[in-house]
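Biologist: Please take a close look at one part of this model for me, the site around the ligand. What does the protein place there?

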Amino acid sequence: MPRIFSGIQPSGELHIGNWLGAVQNWVRLQDSYDCIYCVVDLHAITGKYDAESLSRRTWDMAVGLLAAGIDPGRATLFVQSHVPEHSELQWLFNTVTPIGELERMTQFKDKATRFESVPAGLLTYPVLMAADILLYRADLVPVGEDQVQHLELAREISRKWNAEFGRGMDYFPEPKPLLTEAKRIVGLDGQGKMSKSLGNTIGLLEPPEDVWAKLRPAKTDPARVRRQDPGTPEHCNIYSLHRYFSPPGTVETVAGNCRGALWGCLDCKQVLAQHLNTALAPIRDRAAELEAHQGRVQQILGDGASRARRIARETLAFVREHMGLLPPTTT
Ligand code: TYM
């Protein structure tokens with residue numbers, strides 16, 4: 001079975017952008033691939049972060065993923081820092097990664113502007129990502145569009161390592177992104193991608209009243225100023241969310257009523273809220289159930305890390321040997 005790897009940062013709640021762009025795909029792929037999924041806590045410390053809440057956020061993300069349908073019977077789920085080989089491989093990959101390539105990463109350029117003194121971890125973030133994927137020699141990586149450039153770099157690191165140390169063998173594969181139709185979900189502010197750091201998200205586990213509190217003021221078609229103005233659904237972010245959450249008949253009605261100014265934006269949002277809550281209710285229920293059985297979640301993460309570590313150790317042994325490191329003496 002070809003292998004899949006993907007990761008998600010515990011930088012905040014699991015939101016509908018993550019879900020539509022990546023996690024729904026993670027769930028779908030579980031039957032056809034050897035899937036390894038990871039809560040990447042080491043990535044989440046590359047910017048300013050709240051150390052006190054990190055372990056809770058990591059836990060919540062694991063619960064969210066399980067509630068969203070990651071099945072430990074069919075996939076491996078673990079926390080990145082529980083498998084120290086990720087950091088070790090990153091160090092080894094640092095030695096073949098050109099700094100120029102890291103400096104031209106869009107996310108780095110964007111995030112670096114938020115710092116007076118840029119931490120090295122922000123620059124080498126994509127090297128850790130390459131290590132995550134290649135530690136398991138994964139072929140495919142289900143992600144949203146914002147990660148595609150990082151995957152290009154992972155392919156380059158793979159090629160460079162193979163050329164320099166592979167001794168004629170392509171040991172590491174060149175991992176390719178798997179995108180969904182929802183590869184870039186726009187945030188509720190209608191500005192950029194939905195992202196926790198921009199505060200424009202809807203959380204998968206948020207109660208219906210909180211969802212409504214966020215949907216109510218959300219941006220719609222900018223040209224529709226008054227209720228009686230006919231709208232252009234294709235220019236409205238709320239309409240694009242209907243396409244993911246509402247049944248096809250409703251999506252048609254929404255478009256018709258918007259164009260004909262039969263509905264105001266609030267009417268349209270109320271219908272979206274209803275379908276969104278219907279879609280998310282079973283996930284919220286499963287999350288509550290998992291929170292009531294925390295020992296089970298601990299067991300899943302422990303088993304996941306053990307399995308991941310078995311594979312990671314094999315890769316690392318090969319890499320160490322090929323890079324000429326003296327094997328440790330076993331006593
Ligand atoms: P992260 O934690 O920002 O997001 C997790 C996944 O959700 C996707 N995503 C979106 N898709 C569509 N629309 C959006 N608005 C949206 N926001 C997020 C992301 O593309 C991602 O697939 N660097 C990665 C985590 C990572 C990783 C890896 C991924 C670390 N190691 C190895 C794949 C393989 C990140 O920050 O994702």
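**The ligand site**

Modeller: A polar side-chain atom of D146 sits 2.4 Å from an oxygen atom of the ligand. Keep in mind that this is a predicted model. Two further polar side chains face nitrogen. Y125 brings a polar side-chain atom to 2.6 Å from a nitrogen atom of the ligand. For D132, the distance from a polar side-chain atom to a ligand nitrogen is 2.7 Å. The ligand is well wrapped: on its own it has 710 Å² of accessible area, and the protein covers 96% of that.

Which elements build the shell? Strand 1 (3-8), helix 1 (16-29) and helix 6 (120-134) each give two or more residues to it. In total, 27 residues surround the ligand. Q9, Y125, D132, D146 and I185 are the closest. By type, the shell holds twelve nonpolar residues, ten polar ones and five charged ones.

Two backbone details are also worth a look. R167 has a phi near 50°, a positive value in a residue that is not glycine. This residue lies in the loop between helix 7 (148-165) and strand 5 (176-178). R167 has 56% relative accessibility, so it counts as exposed, the cut-off being over 50%. A261 also is a residue other than glycine with positive phi, near 55°. Its loop runs between helix 10 (248-259) and helix 11 (265-291). A261 counts as buried because its relative accessibility is 17%, and buried means under 20%.

Notes
Residues numbered from 1 in each chain as written. Predicted model: local features only at pLDDT ≥ 70, side-chain atom pairs only at ≥ 80, totals over all residues. Heavy atoms only, no water. Near = heavy atom within 4 Å. Polar contact = N/O pair within 3.5 Å; in protein donor to acceptor, adjacent residues only side chain to side chain. Areas by Shrake-Rupley, 256 points an atom, 1.4 Å probe, with all protein chains shown as cover. Helix = DSSP H or I, 4+ residues; strand = E, 2+ residues; numbered from the N terminus. Nonpolar A, V, L, I, M, F, W, Y, C, P; charged D, E, K, R; others polar. Buried < 20%, exposed > 50% of the residue type's maximum accessible area, 1.4 Å probe, protein only.
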